Amino acid sequence: MAYPPFGAVLNAPRFQAFCFRSAMLLYVLILVLGSIPGARHEIGAFATGAVLHSLAYAGLTALLFIGQRTESTTGRAINAVLITAAMGAGDEFVQSFLPYRGASVLDWLIDISASLVAATALCLVYPRLTRVTAESPTQ
């Protein structure tokens, strides 16, 4: 059984929709799990807040980047970074209402930095991943 080329899978509308919905689900999980009293303190034994923010928002950026149907790689990157920046601001806004958490501009800047790094990496790698060549099996 032959599988479609990797680039065809990444550009498939169903896969893109799946990635976009996964990004929304991940964001809801970030908000919900971050609202549980004591959860941040317990996970802090395994990773610092900067590492958690970086991984979460870089992952969101990757899902949002792939989940778009925009042809331009730069356009995908800009959209993903802007959406991720808004999500990070929303996360910090929610945290400002929780007595055991606090909003932090530094956390938001970490979110944006991780998003920029992920989007830049995807801008460099994604065109190569999605290139469908004549040698690619199509059966």
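The protein chain has 6 helices and 0 strands, where helices (H or I, at least four residues) and strands (E, at least two) are DSSP runs numbered from the N terminus. This is a predicted model, in which local features need pLDDT of at least 70, side-chain atom pairs count only at pLDDT 80 or more, and totals for chains, interfaces and linings use all residues. Residues are numbered from 1 along each chain as its sequence is written, and side-chain values use heavy atoms, with hydrogens and water left out.

**Overall chain**
- The C-alpha atoms fill a box of roughly 60 × 30 × 25 Å along the principal axes.
- Of the 139 residues, 35% are buried (under 20% relative accessible area, 1.4 Å probe, protein chains only).

**Helix H2**
- Helix H2 (residues 13–34) has 22 residues and should span 32 Å at 1.5 Å a residue (1.5 Å times one less than the number of residues); its end C-alpha atoms are 31 Å apart, which agrees.
- Buried residues of H2 include Cys 19, Tyr 27, Ile 30, Leu 31 and Gly 34.
- The buried residues of H2 pack against helices H1 (6–10), H4 (49–66), H5 (73–95) and H6 (105–130).

**Largest pocket**
- Its lining comprises 17 residues, with Ile 30, Leu 33, Gly 34, Ile 43 and Leu 52 nearest the centre.
- H2, H3 (39–43), H4 and H5 each give two or more residues to this lining.
- A pocket is an open set of points on a 1 Å grid over the protein atoms alone, where a 1.4 Å probe fits, with protein on both sides within 12 Å along at least five of seven lines; lining residues have an atom within 4 Å of a point.

Note on methods
Buried < 20%, exposed > 50% of the residue type's maximum accessible area, 1.4 Å probe, protein only. Contact = heavy atoms within 4.5 Å.
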